[in-house]
Each structure stands twice: as C-alpha cells, then as structure tokens.
Amino acid sequence: MAKEIGALFHVDEVQTFGVTGKLWAHEHWNLPDPPDVVTFAKKLQTSGAFVRSGLRPDRASRIFNTWMGDPSKLIVADAVVKCLFRDDLVRKAGVVGVGLSNGLADLQERYPAILSQARGAGTLCSVDCDTTEMRDRLVRALQNKGIYIIGCGDRTIRLRPSLVFEDRHAAVFFDIFDAVLAAVPA
C-alpha cells in the first residue's frame with residue numbers, strides 16, 4: 001500500500017528484533033518487497049537503521065548519536081549476532097513463545113473476570129486486564145515477587161523477556177502469576 005501511494009514503508013523493529021521466532025518480525029508478514037527503512041535496537045545492544053540504497057545519507061557522520069554511528073558499536077553488534085546464531089536464540093524465542101502464549105491463554109481461561117485478549121509473537125506477549133487499576137495492581141504484585149514486567153497502553157501487561165529466556169523461566173513466571181491472580185478478591 002505504501003508503494004501505491006508513494007510513501008516510504010518504515011518498520012520499527014526496536015523492540016521486536018529476534019524475539020518473534022524470526023530475526024525480524026516483519027519476516028512473518030510475507031512482504032512482496034523489503035521495507036524502505038528498518039530501525040533496530042534493544043536486543044542488539046546497539047541501534048541503527050537499514051535503509052534502501054536511494055535513502056542512505058551521503059556521509060557516514062550524518063547518522064550519529066549515543067547508540068549508533070560509533071564504529072565500536074559494530075563490535076558489540078557483531079558479538080551479539082554471533083551469539084544469536086551460535087546459541088540458536090531466535091528459533092528458541094519462537095518455541096518458548098508458544099509456551100508463553102499458551103500459558104497466558106490458560107490463565108485467561110481460569111481468570112476471565114481479570115484477563116482477556118492473550119496474544120503474542122514469540123516471547124513478545126501480552127494480556128489485557130479488566131481495568132487499568134487491576135493491571136497496575138498485578139504489575140506491582142509481580143514486581144514485588146521478583147518478576148520484571150511492565151504495563152503497556154491502558155490495561156495491558158506486556159512480556160518481553162531476554163533472548164536467553166527458557167521454558168524453565170516461563171514455569172517460574174506462571175507459578176508466580178497464578179499465585180498473584182489467585183490472591184485477587186473475587
């Protein structure tokens with residue numbers, strides 16, 4: 001559609017790089033052409049942008065900030081990418097993500113008055129709460145029990161664990177989340 005109207009197609013992969021079971025989340029979309037711009041950061045431990053050739057700056061220093069443009073950041077990115085492939089972390093995120101999504105759906109089924117709309121792609125998962133207040137209460141309770149988790153939007157709890165997150169970590173999370181939900185007065 002962007003091409004049809006003469007617009008550039010920019011995909012923001014800052015939070016999705018490597019966590020959906022594919023290196024790039026947009027690989028799931030079966031696009032006929034690659035995006036014009038893809039931005040990335042977070043899991044790559046640096047940030048940057050891939051841009052199609054006609055959009056690239058004429059001088060390397062045109063894109064430079066704390067997180068990108070510094071050649072030393074390439075050393076970090078290279079080490080991270082090597083680790084991703086060596087340890088098969090992208091594929092594992094997809095596999096573990098199925099368990100996370102299924103676990104959230106199970107909790108939603110068991111606590112329908114509190115949770116709804118469980119969803120996910122790889123380990124990037126979320127579930128909605130009935131109210132903002134309930135979401136905030138659950139997030140605080142989970143954090144008090146050692147779970148690093150945040151709210152998103154108005155009523156959503158979002159999971160975006162590290163790339164080394166495994167089924168055993170998910171089991172700990174679900175035990176704690178179940179206990180937190182069970183403690184909510186009916």
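## Overall architecture

The protein chain has five helices and seven strands. Helices (H or I, at least four residues) and strands (E, at least two) are DSSP runs, numbered from the N terminus. In that direction, the elements follow the order α-β-β-β-α-α-β-β-α-β-β-α. This is a predicted model, where local features need pLDDT of at least 70, side-chain atom pairs count only at pLDDT 80 or more, and totals for chains, interfaces and linings use all residues. Residues are numbered from 1 along each chain as its sequence is written, and side-chain values use heavy atoms, with hydrogens and water left out.

Along the principal axes, the C-alpha atoms of the protein chain fill a box of roughly 60 × 40 × 30 Å. The protein chain has 186 residues, and 39% of them count as buried. Buried means under 20% relative accessible area, exposed means over 50%, and partly exposed lies in between (1.4 Å probe, protein chains only). Contact means heavy atoms within 4.5 Å. Take the contacts between residues at least 6 apart in sequence: 57% join residues at least 24 apart.

## Helix 3

Helix 3 covers residues 89-110, 22 residues in total. From its first C-alpha to its last it reaches 31 Å, close to the 32 Å expected at 1.5 Å a residue. The expected span is 1.5 Å times one less than the number of residues.

Which residues of helix 3 are buried? They are Leu89, Val90, Ala93, Gly94, Val96, Gly97, Leu100, Ser101, Gly103, Leu104 and Leu107. An α-helix has 3.6 residues a turn, so residues three or four places apart point the same way.

Four strands form an open sheet in the order 4-5-7-6, with antiparallel pairing. Two strands pair if DSSP finds at least two bridges between them. Strand 4 and strand 6 (150-152) are the edge strands, each pairing on one side only. On average, neighbouring strands of this sheet are turned by 30° against each other, direction ignored. The axes behind this angle are lines fitted to C-alpha atoms, for helices over the stretch in contact; angles run from 0 to 180 degrees between N-to-C directions.

Strand 4 and strand 5 run antiparallel and are joined by five bridges. Ser116 stands opposite Asp128 in strand 5. Gly120 has Cys125 in strand 5 as its bridge partner. The hairpin of strand 4 and strand 5 has two residues between the strands. In this hairpin, Gly122 takes a positive phi near 65°.

## Cysteines

How many disulfides does a search of the whole structure find? It finds zero. A disulfide is a pair of cysteine sulfur atoms within 2.5 Å. For the sulfur of Cys125, the closest cysteine sulfur is in Cys152, 13 Å away and too far for a bond. Cys125 counts as buried, at 1% relative accessibility. Cys83 counts as partly exposed, at 24%.

## Aromatic pairs

The structure holds four aromatic pairs. Rings of Phe, Tyr and Trp (its six-membered ring) pair if their centres lie within 6.5 Å; planes under 30 degrees apart count as stacked, over 60 as edge-to-face and the rest as tilted. Phe17 and Trp24 have ring centres 4.9 Å apart and planes at 65°, so this pair is edge-to-face. Both residues, Phe17 and Trp24, are buried.

Trp24 and Phe40 also form an edge-to-face pair, at 6.0 Å centre to centre with 65° between the planes. The pair links distant parts of the chain, 16 residues apart. Trp24 is in the loop between strand 1 (10-13) and strand 2 (37-40), while Phe40 is in strand 2. Both Trp24 and Phe40 are buried. Phe17, Trp24 and Phe40 form one aromatic cluster.

## Two loop residues

Gln45 lies in the loop between strand 2 and strand 3 (48-51). Its relative accessible area is 48%, so Gln45 is partly exposed. Not counting residues up to four places away in sequence, Gln45 touches Val76 and Val80.

Arg52 is in the loop between strand 3 and helix 2. Arg52 is partly exposed, with a relative accessible area of 40%. Arg52 touches Leu8 and Asp36, not counting residues up to four places away in sequence. Arg52 and Pro35 are 17 residues apart along the chain, and their C-alpha atoms are separated by 8.0 Å.
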